[in-house]
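Try each task before reading its solution.

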Amino acid sequence: MHTDQLFPRGDKAPANYFTGDVSVNILVPKDETGTYAIGDVQFEPGCRTNWHTHPAGQILLVTEGNGYYQEKGQPARIIRKGDVVVIPNGVVHWHGASANSHLTHIAITNFKDGVNAAWLEPVSEEDYNSLPKV
């Protein structure tokens, strides 16, 4: 447990969508309009999502640590506490902690036709290990 975390650690994230020790605490389940959900996602060092998309976009609010956000075909962006990442509809991307730091973000994920994400392949170890160290 990190001493400065805002919310308690959630349930272990599914291994078929994440690499490493990641937990998700659903703060606001899919609301009555069926349009969004909010979760606190905690990544241990070196842990990350698979590549994926969101049919109706997502917003990440980084609350702790250092990590990366990368869109397919673009260089990885370093993200830190206080950063906001706006992910457009349908953009293939991944996000997660750096090798030397944990990362926590609040994810505001929108739904379209009952779906909030389409999961793809894992980020390769080779690609992840080639990122700048933070």
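**Exercises on a predicted model**

Exercise 1. List the contacts of Q70 in this predicted model, leaving aside neighbours within four places in sequence.

Solution. With those neighbours left out, Q70 is in contact with W51, P75, A76, V92, H93 and W94. Then look for polar partners. The side chain of Q70 makes a polar contact with the side chain of W94 at 2.9 Å. A polar atom of the Q70 side chain also lies 2.7 Å from the backbone oxygen of Q74.

Exercise 2. Decide whether Q70 is buried or exposed.

Solution. Take the relative accessibility of Q70, which is 16%. Buried means under 20%, so Q70 counts as buried.

Exercise 3. Locate W51 and describe its surroundings.

Solution. Start with the chain: W51 sits in the loop between strand 5 (48–49) and strand 6 (52–53). Its relative accessibility is 7%, so W51 counts as buried. Now turn to contacts beyond four places in sequence: W51 touches several residues, among them Q70, K72, W94, W119 and P122. For K72, compare sequence and space: the two residues are 21 apart in sequence, with 8.3 Å between the C-alpha atoms of W51 and K72.

Exercise 4. Explain why strand 4 is described as largely enclosed.

Solution. Count buried residues in strand 4 (residues 36–43): 7 of the 8 are buried, so the rest of the structure largely encloses this strand. Then check its pairings. Strand 3 (residues 22–28) runs antiparallel to strand 4, joined by 6 bridges, and I26 stands opposite G39. Strand 11 (residues 103–110) pairs with strand 4 in the antiparallel sense over 8 bridges, with I38 opposite I108.

How values were computed. Residues numbered from 1 in each chain as written. Predicted model: local features only at pLDDT ≥ 70, side-chain atom pairs only at ≥ 80, totals over all residues. Heavy atoms only, no water. Helix = DSSP H or I, 4+ residues; strand = E, 2+ residues; numbered from the N terminus. Buried < 20%, exposed > 50% of the residue type's maximum accessible area, 1.4 Å probe, protein only. Contact = heavy atoms within 4.5 Å. Polar contact = N/O pair within 3.5 Å; in protein donor to acceptor, adjacent residues only side chain to side chain. Pairing = 2+ DSSP bridges.
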